[in-house]
Amino acid sequence: MKIERVTAGDGCAQLEGLLEELTGCAGQQPDLGAVLANPAVRMYVGREQDGRIVACGCLGVMDTLSGRKGHIEDIVVSGDCRGKGYGRQIVEFLIQEAKSLGPMELFLTSRPSRVAANALYQSLGFEKKETNCYKMNITI
């Protein structure tokens with residue numbers, strides 16, 4: 001699998017299938033152009049030799065008063081390509097990208113039900129952080 005960065009100028013249509021696998025909702029994707037235009041977000045895709053996008057992941061970085069924080073988000077591998085090591089490959093790539101941006105705390109989250117993903121993240125050196133994670137949906 002070849003990993004490459006996707007920018008706002010690139011076509012976004014190829015990501016739609018993967019995003020549906022990630023969210024479970026067809027037709028409810030965000031404005032990918034706006035996401036990709038955000039300078040704090042770096043979106044990467046993995047392509048097989050035939051050019052088909054089979055994996056993706058985002059790295060978001062922000063500077064805060066307590067230091068630089070990186071967040072790995074939206075890791076997904078196409079259902080027909082799971083078990084090939086693509087998830088590991090894209091997360092390792094994102095870790096290297098984060099390292100190239102200087103010292104930071106790097107975070108990711110994963111639902112407990114995603115047993116294989118959680119085992120992968122721990123095998124790559126991520127430690128489970130004891131925290132209260134809160135969520136609020138802001139709607140207009």
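1. Glutamate 92 lies in helix H3 of what is a predicted model; helices here are DSSP runs of H or I with at least four residues, strands are runs of E with at least two, and both are numbered from the N terminus. At 36% relative accessibility, glutamate 92 counts as partly exposed, a class that falls between buried (under 20% relative accessible area) and exposed (over 50%), as judged with a 1.4 Å probe on protein chains only.

2. On how the model should be read, residues are numbered from 1 along each chain as its sequence is written, and side-chain values use heavy atoms, with hydrogens and water left out. Because the model is predicted, local features need pLDDT of at least 70 and side-chain atom pairs count only at pLDDT 80 or more, whereas totals for chains, interfaces and linings use all residues.

3. The protein has four helices and five strands, which follow the pattern β-α-α-β-β-β-α-β-α when read along the sequence. Of its 140 residues, 31% count as buried. Among contacts (heavy atoms within 4.5 Å) between residues at least 6 apart in sequence, 58% join residues at least 24 apart.

4. Lysine 69 is found in strand S4, which covers residues 67–77, and it counts as buried because its relative accessibility is 12%. Its side chain makes a polar contact of 3.4 Å with the side chain of glutamate 105; such a contact is a pair of N or O atoms within 3.5 Å, where, within protein, one must be able to donate a hydrogen and the other to accept it, and residues adjacent in sequence count only if both atoms are side-chain atoms. Leaving aside residues up to four places away in sequence, lysine 69 touches Gly60, Val61, Met62, Thr64, Met104, Glu105 and Phe107.

5. Strand S4 also holds aspartate 74, whose phi is near 55°, a positive value in a residue other than glycine. By way of background, most residues other than glycine have a negative phi. Aspartate 74 is partly exposed, with a relative accessible area of 34%.

6. Which residues of helix H4 are buried? They are Ala117, Leu120 and Tyr121, and, seen down the axis of H4, they fall within an arc of 95°, so they line one face of the helix; the arc is that of the directions from the helix axis to the C-beta atoms. These buried residues pack against S4, helix H3 (86–100) and S5, while the face turned away from the buried side carries the exposed residues Val115, Ala116 and Gln122. H4 is followed by glycine 125, whose phi is positive, near 105°.

7. The largest pocket holds about 790 Å³ of space and is lined by 21 residues, of which Leu108, Thr109, Ser110, Lys128 and Lys129 lie nearest its centre. On a 1 Å grid over the protein atoms alone, a pocket is an open set of points where a 1.4 Å probe fits, with protein on both sides within 12 Å along at least five of seven lines, and lining residues have an atom within 4 Å of a point. S4, strand S5 (105–108) and helix H4 (115–123) each supply at least two lining residues, and S5 gives the most, with four.

How values were computed:
Points joined across faces, edges and corners; volume = space filled by probe spheres on them.
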